[in-house]
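Subject: A structure to look through

Dear colleague,

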Amino acid sequence: MTIKAKIVFGLIAMVAFVFGVVAFAPARLLDAPARAALAPYGDLTNTVGTVWSGSGVLVLGTNISNASLGGRNNNPNALKVPITWQFTPASLGRLRLGFNLIAKSDAIVGVAHAGVGFRSIEISEADINVDASFISALNSLIAFAGPRGALRLKTNTGDHITLAYRGPLSVSGRLGVSADNLLLRTLSSWPVGSYDLDINFRDNLAEYNFVKSSGLLTLDGGGMVQWLPRKEFAYNGSAKASLEAPLLFAAILPLGRPTLDGRVQIDYKGGW
């Protein structure tokens, strides 16, 4: 057997081995890497099936992972999302384990493709609908705002989001977000508007811009959300409350400077 033939045979054997492992390995083998990737805000439990095709429960919420303590969190307020996955062999060409994911729960419904590598996860082909109240579980300040409404998270064709999970969380990529009939308890008891945002992730921060805005409270401009080395939020733009909602104008007025056209110019930066 020639050296070239041996190399080809070796590659075929290696691919066959990988396929065999993925096809028959129990799904529980995904628990540890999923816990490492999702910590401290998520976990994967109740896994059944195989790595090739299986299901589990994605648990999401504030500090829900106790991996550092050697145990699992029993936070009753954590959100539990049943998911199923199907392995996609083509992803091996990019040295990643690829999975088509489907999530179905009262709070989160959608699909996405996840490519799992040694140090990062690539999310693409995502189209996910989220109950806005879910994000209250991620941060106490967000919970205080009391968000309600429907969010849609979507990646454009060819775009992907990369999350590095070995070491401090680092994210890159682009995501589109639509918020329909958004209600913020601290501003109003009824929906304040609908918004389309373009979000660009860069290392330890997310830069956002308002693309469309309609409703009782319209917004333009943009800002950023940073999570490392410190948690900061910034917004630079203008907000305009409808004449039908004078209480909204009173609520946003302390945040900035009123202009002659009835808007409030805001340049805000603070912690979260």
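Is A245 buried or exposed? A245 is buried, since its relative accessible area is 2%, where buried means under 20% relative accessible area, exposed means over 50%, and partly exposed lies in between (1.4 Å probe, protein chains only).

Before going on, please note that this is a predicted model, in which local features need pLDDT of at least 70 and side-chain atom pairs count only at pLDDT 80 or more, while totals for chains, interfaces and linings use all residues. Residues are numbered from 1 along each chain as its sequence is written, and side-chain values use heavy atoms, with hydrogens and water left out.

To return to A245, this residue is found in the loop between strand 16 and helix 4 (246–252); helices (H or I, at least four residues) and strands (E, at least two) are DSSP runs, numbered from the N terminus. Leaving aside neighbours within four places in sequence, A245 is in contact (heavy atoms within 4.5 Å) with W190 and L216. The C-alpha atoms of A245 and L217 are separated by 8.6 Å, although these residues are 28 residues apart along the chain.

Next come the aromatic rings. A pair of aromatic rings is described by the distance of the centres and the angle of the planes. Rings of Phe, Tyr and Trp (its six-membered ring) pair if their centres lie within 6.5 Å, and planes under 30 degrees apart count as stacked, over 60 as edge-to-face and the rest as tilted. By this rule the count comes to 7 aromatic pairs. In one of them, Y208 and F210 have ring centres 6.1 Å apart and planes at 85°, so the pair is edge-to-face. Y208 is buried at 9% relative accessible area, and F210 is buried at 19%. The rings of Y208 and F233 also have their centres 6.1 Å apart, but their planes are at 10°, so this pair is stacked. This pair links distant parts of the chain, with Y208 in strand 13 (residues 205–214) and F233 in strand 16 (residues 232–241), 25 residues apart. F233 counts as partly exposed, with 30% relative accessibility. Ring pairs link Y195, Y208, F210, F233, Y235 and Y268 into a cluster.

The backbone also deserves a look. Most residues other than glycine have a negative phi, and most peptide bonds are trans. The peptide bond from L228 to P229, however, is cis, with omega near 0°, and P229 lies in the loop between strand 15 (222–226) and strand 16. N46, in strand 1 (residues 42–49), has a positive phi near 55°, and this residue is exposed at 57% relative accessibility. E125, found in strand 8 (residues 120–131), has a positive phi near 50° and is exposed, with a relative accessible area of 57%.

With kind regards
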